[in-house]
Amino acid sequence: MPKLIVGNWKMNGLQAESLERVEKLAAGVQGDASGSFHMVVCPPATLIAPVAAKLKDSVIRWGGQDCHAEASGAYTGDIAAPMLKDMGCDFVILGHSERRQHHGETSAEVAAKAKAAHASGLTAIICVGELDAQRSAGEQESVVGRQLAESIPDTASTENTVIAYEPVWAIGTGKTASADDIKQMHAFIRGKVGTLQILYGGSVKAANASEILHTENVDGVLVGGASLKADEFLGIAVAS
Ligand code: PEP
């Protein structure tokens with residue numbers, strides 16, 4: 001199965017530089033006939049429409065970085081799943097550790113958001129991962145196991161849900177989990193989620209992508225910082 005290569009741009013980018021980036025990505029992907037990956041970019045909400053316009057004839061798909069659990073209503077500043085779908089999104093990232101940390105998102109809220117995403121025909125990329133202190137205490141599997149049990153709604157299927165394992169201590173830090181740690185955790189997650197695709201995230205870059213993408217039970221990667229540079233992100237994709 002092709003690897004899923006997802007770029008999370010977070011709160012970065014104005015139109016000019018971002019559209020230049022997607023033009024480079026579209027051209028780069030066009031030139032790769034291997035069929036070894038599917039590429040997805042998740043821009044900030046303000047850039048979804050212009051990015052969608054640039055990518056409409058490309059094989060690259062796009063998604064949002066969060067959605068509300070309700071389909072509409074008095075929720076100032078929030079974005080509903082049908083709005084993302086209306087912009088041509090196929091994916092939405094949910095329960096990213098930055099949202100769990102800075103917005104106090106609970107796993108129950110993530111599950112409700114994922115249900116809303118499914119109802120709109122979006123694929124939910126549900127993020128899980130332990131903190132540094134939890135790994136040091138040997139609690140990584142119990143933490144991730146609980147997040148999986150509580151964040152995946154009963155509407156989840158192989159068609160509409162992807163899991164992203166992102167150890168929090170590896171996000172944006174330049175530290176990656178070792179191949180053994182990734183292998184062990186992905187095997188644990190596989191035991192819990194069956195055939196759902198499982199992505200790894202945490203300081204993935206072109207230089208380490210091949211080893212990570214060829215680790216057992218790694219079905220793709222969720223990439224933050226390195227997805228902001230077209231050459232680097234393409235380098236990750238072709239490593240698949
Ligand atoms: C992320 O934000 O999902 C992420 C993995 O970030 P980075 O690649 O920068 O560590």
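**Reading a ligand site and a helix pair**

A polar side-chain atom of Asn8 sits 3.4 Å from an oxygen atom of the ligand, in what is a predicted model.

Me: Happy to start there! Which backbone atoms lie by an oxygen atom of the ligand, and at what distance?

Reply: A polar contact is a pair of N or O atoms within 3.5 Å. For Gly172, a backbone N or O atom is 2.6 Å from an oxygen atom of the ligand. At Gly224, a polar backbone atom lies 2.8 Å from an oxygen atom of the ligand. The protein buries 95% of the 290 Å² that the ligand exposes when taken alone.

Me: How many residues surround the ligand, and which are the closest?

Reply: There are 14 of them, with Lys10, Glu166, Gly172, Ser203 and Gly224 the closest. By class, this shell has eight polar, four nonpolar and two charged residues.

Me: Now the helices. How do I read the packing of H7 and H8?

Reply: Two packed helices are described by the distance between their axes and the angle between them. Here the axes of H7 (residues 140-151) and H8 (residues 179-193) come within 11 Å and cross at roughly 35 degrees. The crossing is right-handed.

Me: Which residues make that contact?

Reply: H7 contributes Gln140, Glu141, Val144, Gly145 and Leu148, while H8 brings Gln184, Met185, Phe188, Ile189, Lys192 and Val193. Sorted by class, the contact holds six nonpolar, three polar and two charged residues.

Terms used:
Residues are numbered from 1 along each chain as its sequence is written. This is a predicted model: local features need pLDDT of at least 70, side-chain atom pairs count only at pLDDT 80 or more; totals for chains, interfaces and linings use all residues. Side-chain values use heavy atoms; hydrogens and water are left out. A residue is near a molecule or strand if one of its heavy atoms lies within 4 Å of it. A polar contact is a pair of N or O atoms within 3.5 Å; within protein, one must be able to donate a hydrogen and the other to accept it, and residues adjacent in sequence count only if both atoms are side-chain atoms. Accessible areas come from the Shrake-Rupley method with a 1.4 Å probe; for residues, only the protein chains shown count as cover. Ala, Val, Leu, Ile, Met, Phe, Trp, Tyr, Cys and Pro count as nonpolar, Asp, Glu, Lys and Arg as charged, and the others, Gly among them, as polar. Axes are lines fitted to C-alpha atoms, for helices over the stretch in contact, and angles run from 0 to 180 degrees between N-to-C directions. Helices (H or I, at least four residues) and strands (E, at least two) are DSSP runs, numbered from the N terminus. A crossing is left-handed if the near helix is turned anticlockwise from the far one by less than a right angle, and right-handed if clockwise. Contact means heavy atoms within 4.5 Å.
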